[in-house]
Amino acid sequence: MIQKVEANTMKEYWTSFASLLGVLAFCQSLLQVIFPPELRFACLKFFNRIFHLFSSYCYFDITEIDGVNTNELYNAVQLYLSSFVSINGSRLSLTRALNSSAITFGLSNNDCIVDSFNGVTVLWEHVVTQRQAQTFSWRPLPEEKRGFTLRIKKRDKSLILDSYLDYIMERANEIRRKNQDRLLYTNSRGGSLDSRGYPWESVPFKHPSTFDTLAMDPVKKQKIMDDLRDFANGQSFYQRTGRAWKRGYLLYGPPGTGKSSMIAAMANYLSYDIYDLELTEVHNNSELRKLLMKTSSKSIIVIEDIDCSINLTNRKKNNNNPGARNYYDPEMRRGSGSVSGEDGGNSITLSGLLNFTDGLWSCCGSERIFVFTTNHIERLDPALLRSGRMDMHIYMSYCSYPALKILLKNYLGYEESDLDDNVLKELAEVVDSAEMTPADISEVLIKNRRYKQKAVSKLLEALKTRAERNVKSGSLREKNSDDVEDEEQEKRALESPKEGSEFEEPCKNEEEDEEKMK
């Protein structure tokens, strides 16, 4: 009897439940008839506005894909949050970008993190949802729809939109440059373009040279480092003074004195890419400008051995009037292969190179450094040497005693206290008169690096031999490096060569040699 009562009760229960579902379905159908989707959407929108009207927060969505293009702000926010999410986050995602040597932390799906900026607290949420089925598209979209939602208080809206987002973009660029491997670029042979229409070819830049290992007088080295640091941090200064954010350096001196190592140390110190410009592969001034436009900011543009690349020597005399020299004569600015360009040679002019380094086209980018190297500064036209084109002249001299101590530390691990005082005294006395380059001294130390004491004795012997030979041949320099630098500072001030000046002799000798060859 009891079982029969329970069965009737369950039957009545399911009957009532089915009736309720029917009523709900009928009500839903009735509501759909009475309230069409457009009206329901309007009501929902109205209630949302009422909610936001009384809410103290406002929200901003930053989606990964804006239409068909990638949203750069999304990538910037992702990089920015990765700088501190590894400490504050509980569930993280790990990524490693192309050409990057570091692993990047990121927010997991639908996770939140709190940030503060100028005393203002904001909330970031990484929103990930499934994308609806796509129709035909030329560019298939990801299955997931990703984006960031920024929640801020309404009273902080102006501060966040004006400063915070710009700050995020700057920090993201710094993190990207720090994590990304530096690249060494060279212009394509014959000005050809790659598949992307890019005139530069690149390889990873792995040069280990730093200012710590650079064999140079520490005082002079620190001066260069301070100048580089002031340049990298001087955006507001250059904007306030109305100058293009660029700087030029001239590295000159005998071969083997470390000019290329200096460039690598500069790039590693600032974390800049290097563009090694081969002028002999550039056909004309227009192509030179296009190469400049395709360089990125925060980079070092290098022209090595500028006196050997093309003929940019001192201006020639006018054939009609040997005593007069016109700077604006195109013939005086013409490159070595500029004979109508019919033979396929380049026709880069001095005017084109000057515009490349200090003209309007040099302002197309920002935070760029131009570095020129030469073994014979006297062959360069004074127009190239003036401030604004080559702002800082750096003489790479023969190895001095402070530089020698750096080499002994690099190759042998010797500090000054590890060597005998008599040996140090002999090295200090003979190194200047030996006039050996850091490359020559390094080779002696490399050959004997397994036996440190032998390496020092061999080096001392080589220095004494070179010093004695210099004295016998009478080739010892009469001027020290300070005198040479003072002399070059005077050359920098020359806007144009004067008749009878020291710049005139090299040109005269070159013209005489050309006449003899004819």
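In the predicted model, E426 is partly exposed, with a relative accessible area of 29% (buried means under 20% relative accessible area, exposed over 50% and partly exposed in between, with a 1.4 Å probe and protein chains only). K464 is also partly exposed, at 34%. The side chains of K464 and E426 meet in a salt bridge, at 2.7 Å from N to O (a side-chain nitrogen of Lys or Arg within 4 Å of a carboxyl oxygen of Asp or Glu). This pair links distant parts of the chain, with K464 in helix α15 (residues 452-473) and E426 in helix α13, 38 residues apart. Helices (H or I, at least four residues) and strands (E, at least two) are DSSP runs, numbered from the N terminus. Residues are numbered from 1 along each chain as its sequence is written. Local features need pLDDT of at least 70, and side-chain atom pairs count only at pLDDT 80 or more, while totals for chains, interfaces and linings use all residues; side-chain values use heavy atoms, leaving out hydrogens and water.

Nine salt bridges are found in a search of the whole structure. One of them joins D227 and R247, whose closest N and O atoms are 2.8 Å apart. D227 belongs to helix α5 (residues 218-232) and R247 to strand β11 (residues 246-252), 20 residues apart, so that distant parts of the chain are linked. D227 is buried, with a relative accessible area of 17%, and R247 is buried at 18%. Another salt bridge is formed by K409 and E415, with 3.7 Å between the closest N and O atoms. Here K409 is partly exposed at 47%, and E415 is partly exposed at 39%.

R368, in strand β14 (residues 368-374), is buried yet has no salt bridge. The nearest side chain of opposite charge, E367, is 10.0 Å away (Lys and Arg count as positive, Asp and Glu as negative; His and the chain ends are not counted). A polar atom of the R368 side chain lies 3.2 Å from the backbone oxygen of L292.

N118 lies in the loop between β6 (112-117) and β7 (120-130) and is exposed, with a relative accessible area of 61%. E435 lies in the loop between α13 and α14 (438-447) and is buried, with a relative accessible area of 10%.

Key
Polar contact = N/O pair within 3.5 Å; in protein donor to acceptor, adjacent residues only side chain to side chain.
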